[in-house]
Amino acid sequence: MRRLHGMFDPKTIALIGATEKEGAIGRKILENLLRSHDRGIFPVNPNASKVLGIKSYPDISSIPEKVMLAVVAVPARSVPKVVEQCGRSGVDGVIIISSGFKEAGEEGAQLEREVDLIREKYGMRIMGPNCVGFMRPSLGLNTSFLLARPSPGNIAFISQSGALGGAILDWAVSAGIGFSLFASLGSMVDIDFGDMIDFLGNDPDTRSILIYMEDVGNAKNFMSAAREFARRKPIIILKPGRYEQSARAARSHTGATAGDDAVYDAVFKRVGALRVGEISELFEAAAVLDSQRLPAGRRLAIVTCAGGPGVIAADALMDRGGELARLSDESMKQLDAILPPYWSRNNPVDVHGDATVDRFMQAVSICLADPMVDALLVIYVPMESAPSTRFARAVAEVAKKWWKPVVAAWMGAKDAEEGRRILVDQDIPVYDTPEQAVRNYMNLYEYKRNLDKLYQTPEALPEPGAPFKNRLKELLGTAVEQGRTILSEDESRDFLTSYGIPAATQTSVTDIDCELTIRARKDMDFGSVILFGMGGKNAGFFKDFSVGLPPLDQTLAKILIQNTKVYNLLRSFSGKQAADFEELEQILVNFSNLVVDFPQIAEIEINPLAVSNGRPLALDARITIDTNLDASARSPYPHLVITPYPTKYITHWRLPDGTDVLVRPIRPEDEPAEQEMLSSLSMRTLQTRFFSTIKNIGHEWLILLCNVDYDRHIAIVAEVRENEKTRIIGDARLIMGHDPTYGEVAVLVHDDFQGKGLGTKFVEMLVEIAREKDLDFIRADVLTENTRMLHVFKRLGFTTQWFIGGKSEAVLKLK
């Protein structure tokens with residue numbers, strides 16, 4: 001990541017393939033580079049002493065300064081040799097503009113593999129090949145051959161396709177949209193969407209991240225980065241290829257091979273990103289999400305000065321699953337007092353075409369104050385009694401006073417243009433038509449709803465007994481030795497019952513209310529995925545299923561169930577007992593655990609999972625063995641893109657008085673216990689851990705502490721049993737973030753247990769985990785007054801350094 005930062009703000013740039021030939025890509029890139037300021041630009045062309053009046057060099061090794069970024073625009077066959085020269089010269093990053101790689105066939109794919117091997121050899125970062133490069137308008141830097149010159153802004157746009165990305169960029173520039181960064185990634189031999197999200201997530205100039213994606217590239221990298229930043233910065237994705245025919249077109253265009261579109265849908269929801277279906281929606285959604293005002297619900301009030309547009313907005317809202325807010329009696333009384341006696345007395349609120357700005361704004365204020373309203377849409381058409389600019393300023397002023405979202409449809413052309421500009425300047429999302437405004441409000445609602453569901457604190461489900469994994473592995477091994485790839489029905493049932501999934505024979509259950517199916521299979525991009533939905537003989541006809549990614553917890557299992565049509569059937573059978581959702585959620589979690597534990601399984605299906613008298617029972621199961629599994633894979637979970645709960649870090653330890661302490665990684669289910677611990681700390685302990693006294697320990701903050709990505713953030717808690725309850729008495733963290741070379745360490749011990757060796761135990765564990773993860777060093781910021789913690793660090797080999805301002809740094813080199 002350090003090299004990536006240098007690559008995106010390089011002090012020296014070499015263009016390999018620079019030329020004076022009119023219309024050539026090498027010339028266009030050089031002309032763009034020369035517009036940047038305070039950077040050394042070095043053309044490389046062995047056949048010219050000067051290019052555009054600037055000294056040219058025969059190769060990159062001849063350049064007298066260290067080159068931070070090399071832009072390569074030479075024929076594909078010459079690229080590996082050029083990249084090798086860049087590596088020898090110590091270049092931080094390379095942009096390969098050249099095409100003719102995997103998108104051109106096997107010969108090009110072989111060239112791409114050669115480039116990747118050279119990259120690994122020297123540790124360079126590479127963007128491309130077959131890409132356009134990047135622009136950073138605030139730095140005046142354009143490494144591409146595109147003519148567009150966007151103004152600085154707070155939207156980052158990442159496109160896999162260079163041509164489409166360039167066209168969208170050109171359209172956005174003409175619409176006055178500014179950018180913090182534009183990048184075209186091409187074939188993604190190295191730098192991919194995950195890398196870009198990591199970079200932009202920490203970029204202060206970026207508030208929204210827009211992505212045009214044809215395939216995900218490194219799925220694990222994308223998942224980890226997107227989960228890290230999606231709550232802080234909206235990630236909005238346009239991914240084509242929803243149908244097989246269009247997916248084939250994408251493959252032939254970029255050489256990309258993408259998996260099942262339903263899986264992509266599930267992935268985007270799991271990471272908290274918003275998927276849109278049209279190019280224009282990318283920027284429309286960015287505007288509404290960037291406002292940072294998320295609705296509490298789907299109840300929308302509409303205030304309009306024209307009846308027709310209000311009705312159109314109401315229809316669009318109903319079509320998209322929204323709800324017209326039912327105004328309170330108090331609001332109706334207030335509206336009666338300011339509106340003509342013939343007003344509709346309903347939502348949409350039509351203030352009529354003779355309304356003044358004051359009447360319009362009174363209606364707006366009444367609706368925003370109504371507790372039955374979650375958000376407001378204001379529809380304006382040009383009218384003499386309420387000039388566009390004056391009304392826009394009034395709307396912006398009132399909107400500032402409320403956290404409820406306000407969106408606007410400002411209809412008309414020249415008369416409405418200045419009003420739209422005023423609203424944009426005040427961060428009020430504004431659209432040309434009511435339908436656009438409603439669509440983006442519903443995008444806002446769905447985005448908020450998905451995040452709320454995703455980070456709802458899971459209930460702690462009963463812990464099933466540990467399955468006998470070795471015996472089950474022997475079953476798989478025996479089947480392979482016998483030349484079988486499919487387990488018998490009895491063998492498959494053995495797997496299910498070992499993981500606490502209730503099973504019965506087809507003949508033993510006669511009263512069946514509903515048939516479901518649970519299935520896991522391997523997607524080409526995202527590994528093992530879980531499908532839940534309607535089962536039995538009609539499953540193929542109804543095609544009612546939802547997709548989830550293991551590992552699942554109770555919250556994710558609940559979402560998987562609720563995202564199906566059969567969910568409503570399960571809630572109430574006519575005259576019979578509804579399904580036991582708690583048991584169904586437990587079955588899904590147990591099924592997920594089975595999938596996590598056995599990468600050897602290519603596919604497992606329970607069909608039907610019968611619901612009888614409310615209780616789910618597996619009547620038939622089928623397990624297929626993966627004969628293509630890479631036995632040399634270093635990870636114990638090569639089939640997963642989300643790292644599961646790291647049970648290997650669970651251990652027991654004793655306090656000096658003999659009290660047993662369970663030390664283990666944190667889980668989302670720990671949120672209530674973590675809040676209880678934090679809320680009972682002394683002001684001094686809060687100060688020494690967080691460098692401030694935190695007054696409000698709410699759900700949003702606890703999400704960051706308890707819902708962690710175990711790839712990037714290992715959080716260890718210590719718990720004891722008191723009065724038949726578990727109590728968390730401390731936590732410690734190793735946060736690796738986006739830089740794989742080091743980790744940040746933080747330790748917290750509750751006041752009641754300080755001075756008993758727990759802090760030392762925590763640090764010892766984190767050091768061992770850091771060594772296992774092959775980090776170069778770990779560090780911690782410590783208040784200088786926290787002498788007890790500094791003493792622990794020193795005793796365990798850390799070097800400490802004092803800084804002005806009352807802080808010290810503790811560092812332990814591991815290599």
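At what angle do the axes of helix α7 and helix α9 cross? The axes of α7 (residues 219-229) and α9 (residues 261-271) cross at roughly 35 degrees and come within 8 Å; axes are lines fitted to C-alpha atoms, for helices over the stretch in contact, with angles from 0 to 180 degrees between N-to-C directions. Helices are DSSP runs (H or I, at least four residues), as are strands (E, at least two), numbered from the N terminus.

This is a predicted model, in which local features need pLDDT of at least 70 and side-chain atom pairs pLDDT 80 or more, while totals for chains, interfaces and linings use all residues. Residues are numbered from 1 along each chain, and side-chain values use heavy atoms, without hydrogens and water.

**Helix contact**
- Phe222, Met223, Ala226 and Arg227 of α7 meet Val267, Phe268, Arg270 and Val271 of α9 (contact: heavy atoms within 4.5 Å).

**Nonpolar cores**
- The largest nonpolar core has 90 residues, of which Leu377, Phe495, Phe532 and Leu570 touch the most other members (buried Ala, Val, Leu, Ile, Met, Phe, Trp, Tyr and Cys joined through side-chain atoms within 4.5 Å).
- Helix α16 (residues 434-454) gives the most to this core, with 9 residues.

**Salt bridges**
- The whole structure holds 60 salt bridges (a side-chain nitrogen of Lys or Arg within 4 Å of a carboxyl oxygen of Asp or Glu).
- Lys522 and Asp626 form one of them at 2.8 Å, N to O.
- Lys522 lies in strand β21 and Asp626 in the loop between β26 and β27, so the pair ties together parts 104 residues apart in sequence.
- Asp626 is buried at 18% relative accessibility, whereas Lys522 is partly exposed at 26% (buried is under 20% relative accessible area, exposed over 50%, partly exposed in between; 1.4 Å probe, protein chains only).
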